[in-house]
Amino acid sequence: MARTQEQRKADTRRRLLDAAAAEFARKGFHAVSTETVADAADRTSGAVYAHFGGKDGLLLALLAEFERATVRRMQAALDDAATHEERVAALWDGFVDQAAGADDAWMLLEHELWLYAARRGDPDGALAARYAAGRQAMGEAFARWADDAGTPLPVESDRLGTLVLALLFGLEMQRRVEPAAVPDDLAVDGLRLLFGAPAVARRPPPRGSSSTRTRRARS
């Protein structure tokens, strides 16, 4: 059965996104040309401009896809959490599991976008808009948590969203280069402190051991 024009367009878009994700994550955004992405997708560079307006649009489209997948995964984990404590742990697990998956593409591309904006500015406000949306969504969720638990947040919900977003990204960056430096319990304790809850007292691990999950450690 012959494919419709919409199906062909959707296939081209999917091919370009998959090729861009692989090339950008492996070589870096600046090192990959529009032609390279098009060749990897077995399409022309004109298709990149037609679907995304250029390489910048490709990067933003990729990040939007990864962000939606992350939100779905984290929301499912948060919906299963019965208590505030479980929600804080699920917040970290959902974030770091997604950051470590998909061949690291999502977080690597997030860093690529930040570097791009840091070097060239953010004239269209794309990066600022992403951060603002993340802060707002988190702040709204945290306000609901506080209402459900009947306990106030230590700071305004939108400001707490800013702090939590900063902590999640900062911990992931450290964990990427030194996994043992950011075990799960430390990350969860950091989030607990931001929410005004005390850290959990734990015995220090034996010398030479790590509480970081083996499945997340990188060689």
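Helix α1 (residues 5–27) packs against α4 at an angle of about 90°, and their axes lie 10 Å apart; axes here are lines fitted to C-alpha atoms, for helices over the stretch in contact, with angles running from 0 to 180 degrees between N-to-C directions. This makes α1 roughly perpendicular to α4 (65 to 115 degrees; under 35 counts as roughly parallel, over 145 as roughly antiparallel, and the rest as oblique). The model is a predicted one, in which local features need pLDDT of at least 70 and side-chain atom pairs count only at pLDDT 80 or more, while totals for chains, interfaces and linings use all residues. Residues are numbered from 1 along each chain as its sequence is written, and side-chain values use heavy atoms, with hydrogens and water left out. Helices are DSSP runs (H or I, at least four residues) numbered from the N terminus.

On the α1 side, Arg13, Arg14, Leu16, Leu17, Ala20, Ala21 and Phe24 meet Lys55, Leu58, Leu59, Ala61, Leu62 and Glu65 of α4, contact meaning heavy atoms within 4.5 Å. By class, this contact has 9 nonpolar, no polar and 4 charged residues (Ala, Val, Leu, Ile, Met, Phe, Trp, Tyr, Cys and Pro are nonpolar; Asp, Glu, Lys and Arg are charged; the others, Gly among them, are polar).

Helix α4 (residues 55–80) also packs with α7 (residues 126–149), at about 10° and with axes 12 Å apart. The two helices are therefore roughly parallel to each other. Here Leu60, Leu63, Ala64, Glu67 and Leu78 of α4 meet Ala126, Arg130 and Trp145 of α7. The α4–α7 contact comprises 6 nonpolar, no polar and 2 charged residues.

Turning to α8, its axis and that of α7 come within 7 Å and cross at roughly 115°. Among the residues making this contact are Tyr131, Met138 and Phe142 of α7 and Leu160, Val164 and Leu168 of α8. Its classes are 8 nonpolar, 4 polar and 2 charged residues.

The largest share, 10 residues, comes from α7.
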